[in-house]
Amino acid sequence: MSDSVASISPRGMTWARRKRALARVWRELRNDRSGFSGLLILLGFGLVALCAPLIADRSLLLAAAGRNNPDLAGPSAKFLLGTDDIGRDILAQLVWGSRVSLFIGIFATVVAVLIGSLVGLVAGYVKGKVATVLLAIDNFFLVVPFLPLAIVLAVILGRSPVTLALVIGFTSWAGSARLVRAQVLSLSERGYVERARALGANSRHVILRHILPGVAPLIIANATLIVPGAILTESTLSFLGFGDRLSPSWGKLLDGAQSSGSITLNAWWYYLPPGLCIITVVLAFTLFGRALERIFDPRLAGR
Amino acid sequence: MSNRYVIKKIIGALLTLFAVVVFNFFLFRIVDRDPLSKYRGRSKLSLEQREAMIRRMGLSGSKWDQFVVYIKSTLRLDFGRSFDSTRPVLREIADRLPATLILVGISTALTIGIGLYIGAKAGWARGSRFDRVSTSGTMVLYATPEFFFGMLLLAIVAGRTGWFPTGGLRDIGANYGFVDSLLDRAHHLVLPSLTLTLGYLGSYSLIMRTSMLETLGEDYLTTARAKGLKESDVMTHHAVPNALLPSVSVIAISFGFVIGGAITTETVFSYPGLGLATADAIRNTDLPMLQALFLVASAAVIFLNLVADLTYGLLDPRIRHST
């Protein structure tokens, strides 16, 4: 009985509607083969990242850990994926690397999405000089080549993982600002927004209650598609020398593999696993993100 | 194309370039308050040498004075001396520019040609076997860091078979005639340009496919078919030109990514261009080099964006005939 009472109040109705919408998204995701397998792969990697301390001890990453081991030894019962050029277990680095790569990828995306949504919302909702200035800044970040920009920022601001994540986030928000702005502009024209204004709603109410719920699905789908880009950028920056060798991401492992000459030495166990991990995770995020896009925007279905 | 359109685009490009220069000053002179502290040889400098260096780098006086000096020297293309080699930055860049231009030029031409072809074909035959195979293929290509491609190519083609050299610009120490020397350079270019092409093929083909899908339902295609045109003519003469139009500006923006790809690709193959110079400058914290390399990369992308905008103006009759 309390249920039916709750669903009569406006708040209860809204929540019931949102619950139904969420159930629909889940149902459609279950039926989307590529999107759902992407999600499963991501959950698998997420589990490994969370359970890293249970799989391999952190001390295995220390430079001293490899002192008594053979350097660049192939896979064996003791080292399932062999050792690196200073004798450290590669599997342990790979498992801990999933933490670094996923953390930087997701943290950078949060930064990018926050800046992008804020700029997009304001530039779409407010007209006049503010919008012009915001669009000019947005355009600057869209045009300026983004890897060189990330490089100079990281050189000046520092090479730690957190700084890298901030730098990547700060250089990859421009596209989502565009998307959000376009959506805000189109929503502002809709009847229900005009109706709310006519009934005396202030900007705060219109943005929070009518515009934001309308752009939220777009922001979520877009975020899922920014993560793979951020992970790729992180691996590129680490490959070029940023990041920490004692707490390596997958890209940093590739840097070690490259500079230790593992390729000419045929030490495939050093460069192959981190590369394949990057490809798999980026692919999984892309499949999942595209599935969300299709579900939230039915016009894209069938593509 | 009206003059106003052209002038507006040129002024926009110049303003963006100026913004990059100001951004550079902000980053390398204000965020980083003491750029000289990154110079490794500073402990060996005498007091006079140190002061001379501060003067030469334009680090004395108020921030405004520094800004004026900075703008003047940038206009003269004077970027100071490399921390690492101590040669003028401009000379370092001029020496390495041709190698990168050739690599990036070849790869961009190949990526655009092959990528647009695959994308157009896949979009036209949506849901076909070709579309499914090529779309999954391009998604895997997109997900692979280009330097990992390079490493795989090195391991498989150069390492195992020895068919291609593992790096460099040309055979060191060999004394070739003109033709042989050209062939030798081309031989060294194969793997790096293949890496860069494969690395960015995916995004171009996905852009073109989407653009093609958007034209599929258009009335002018129905009209063309109603005129009795062959399906292949409808595609090449009616669908592709219209799908290309929106791709042009996206392609110009993606060009910035190819420049990024050149940095890692040149690193993998020790190919001595601006990309390898960037990687070296990162490892040596060579601030004057990094600052100039960033400016050069930005100027290149801004210029190509301008070219794309003007091309767009020529291609799109709505802009071409506007006054």
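# Reading contacts and helix packing

Trainee: Which residues does L17(B) touch, not counting residues up to four places away in sequence?
Mentor: L17(B) touches A299(B) and I302(B), once residues up to four places away in sequence are set aside; contact requires C-beta atoms, placed from the backbone, within 7 Å. This is a predicted model, in which local features need pLDDT of at least 70, side-chain atom pairs count only at pLDDT 80 or more, and totals for chains, interfaces and linings use all residues. Residues are numbered from 1 along each chain as its sequence is written, while chains are lettered from A and ligands numbered from 1 in the order in which they are written.

Trainee: How do α11(A) and α13(A) pack?
Mentor: Two packed helices are described by the angle between their axes and the distance between the axes. The axes of α11(A) and α13(A) come within 8 Å and cross at roughly 165° (lines fitted to C-alpha atoms over the stretch in contact, with angles from 0 to 180 degrees between N-to-C directions). The two helices are therefore roughly antiparallel (over 145 degrees). Among the residues making the contact are L225(A) and L232(A) of α11(A), and F285(A) and F288(A) of α13(A). The contact divides into 16 nonpolar, 4 polar and 1 charged residues (Ala, Val, Leu, Ile, Met, Phe, Trp, Tyr, Cys and Pro are nonpolar; Asp, Glu, Lys and Arg charged; the others, Gly among them, polar).

Trainee: At what angle does α5(A) pack with α11(A)?
Mentor: Helix α5 (residues 90-125) of chain A and helix α11 (residues 203-239) of chain A meet at about 140°, with axes 8 Å apart. The contact includes I104(A) and V113(A) of α5(A), and I219(A) and I226(A) of α11(A). The residues there divide into 15 nonpolar, 4 polar and 1 charged.

Trainee: How many residues of chain A are in contact with chain B?
Mentor: 33 residues of chain A are in contact with 40 residues of chain B. On the chain A side, α6, α7, α11, α12 and α13 give two or more residues, and α13(A) provides the largest share, 8 residues. That side divides into 24 nonpolar, 8 polar and 1 charged residues.

Terms used. Helix = DSSP H or I, 4+ residues; strand = E, 2+ residues; numbered from the N terminus. Contact = placed C-beta atoms within 7 Å. Parallel < 35°, antiparallel > 145°, perpendicular 65-115°, else oblique.
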